[in-house]
Amino acid sequence: MFRIATALTMMFAAVTVQATATVDDYPMKAEKVADGVYAIVSPAQDFPNEENKGWNSNSAFVETEEGLLVFDTGSSETIGKALLKTIRSVSDAPIKWVINSHAHGDHWLGNGAFSSEKPEEVIASDVAIEKMKSDGHDWVARFDNMTGGATGKFEPVAAADAVSEALERDFGGVKVQLLFADNSHSPGDIVFWLPQKKVLLTGDTMYTQRPPATFDSDVQGWIAFLERASRLDVKVVVPGHGPVAGAESITQLHDYFDTLWNLVAEGYDEGRMDYDIADDVKEKMARFEELYPGLYDRLGESVSHVYLQVEEAMF
């Protein structure tokens, strides 16, 4: 727990104050990835900061017979408004559902921008909703600090409609399987599988072209979820961070975590500490740098996170 708190403290370090961003500061565009499915992909490679003005995560929306389903809303109310503007460049259909993949602020703090649309449901897992309610103001303050004031101060709007188990559901004629992801990236992760479209909307259970963050993760759960996801007939993956990819991205991330876990467990069995095995792990995982640029900026802390989980798994 101390290591997680320390990682968060470093992540949310103070930066220079700048003016609050406007909708026009976010150059979003909707990318059609399947019939009726669009992704809005952030080019950012890091946590919210001054350069990206807080827009570092991906969103998506799905056209249905009854209206639109929006998946993840960004790091601030202004980013949410920019997302809404981008959606409206494609469709003026009513927004019926908003989905939040998990409770990290960069995926749901834009919810308030959609309040005027009066969606019928704003959905997240029950675990995520409780964390949104308890941590929402902290996320607003952290991002305001991290971006030098770009994301600004606003009242966070948590999801209100809780799901507590995997289910199949029809959203305006579009069949969806709502999957729970074993708390893989964070407690209460949910993933939307659209079997008719062969599209997987993953939140942060999937990263492409950047190394995954593990400060709030359950890596064994992540490995198990990716194993299940790899058996789906996926054609398109819309990750939480990074460009849209194909099914191979699931097996690549599974390989990454499986390798990381096994290397850390081997070092633990030899009686070595996390800091003592980190260099060996980095050397043996060099092949992943091409897939995940910036690997070495993140891998050391992931070794420490996994080490604690390996230790816990031994008891």
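Before the helix entry I note how its angle is to be read: axes are lines fitted to C-alpha atoms, for helices over the stretch in contact, and angles run from 0 to 180 degrees between N-to-C directions. The model is predicted.

**Entry 1: helices α5 and α6**

I looked up how helix α5 (residues 248-269) meets helix α6 (residues 274-284); their axes come within 10 Å and cross at roughly 145°. The crossing of α5 with α6 is right-handed. I then listed the residues in contact: α5 contributes L260, L263, V264, E266 and G267, while α6 contributes I277, V281 and K284. By class, I find 5 nonpolar, 1 polar and 2 charged residues in this contact.

**Entry 2: aromatic pairs**

I searched the whole structure for aromatic pairs and found 10. One of them is Y38 with F61, which I record as stacked, with 4.9 Å centre to centre and 5° between the planes. Y38 belongs to strand β2 (residues 37-40) and F61 to strand β3 (residues 59-63), so this pair ties together parts 23 residues apart in sequence. I also checked burial: Y38 and F61 are both buried.

I next examined W97 and F171, an edge-to-face pair with 5.2 Å centre to centre and 90° between the planes. This pair links distant parts of the chain, since W97 lies in strand β5 (residues 95-99) and F171 in strand β8 (residues 167-171), 74 residues apart.

**Entry 3: charges over rings**

I returned to W97 and found the charged end of K96 over its ring, 5.4 Å from the centre. I record a further case at W139, where R142 lies over the face at 5.0 Å from the ring centre.

**Entry 4: S91**

Where does S91 lie? I place S91 in the loop between α2 (77-88) and β5. S91 has 9% relative accessibility and so counts as buried. Which residues does S91 contact, leaving aside its neighbours within four places in sequence? I find E63 and L68. E63 falls within the range given for strand β3, residues 59-63, the strand that also holds F61.

Terms used. Residues are numbered from 1 along each chain as its sequence is written. This is a predicted model: local features need pLDDT of at least 70, side-chain atom pairs count only at pLDDT 80 or more; totals for chains, interfaces and linings use all residues. Side-chain values use heavy atoms; hydrogens and water are left out. Rings of Phe, Tyr and Trp (its six-membered ring) pair if their centres lie within 6.5 Å; planes under 30 degrees apart count as stacked, over 60 as edge-to-face and the rest as tilted. Helices (H or I, at least four residues) and strands (E, at least two) are DSSP runs, numbered from the N terminus. Buried means under 20% relative accessible area, exposed over 50%, partly exposed in between (1.4 Å probe, protein chains only). A charge sits over a ring if NZ of Lys or CZ of Arg is within 6 Å of the ring centre and within 35 degrees of the ring normal. Contact means heavy atoms within 4.5 Å. A crossing is left-handed if the near helix is turned anticlockwise from the far one by less than a right angle, and right-handed if clockwise. Ala, Val, Leu, Ile, Met, Phe, Trp, Tyr, Cys and Pro count as nonpolar, Asp, Glu, Lys and Arg as charged, and the others, Gly among them, as polar.
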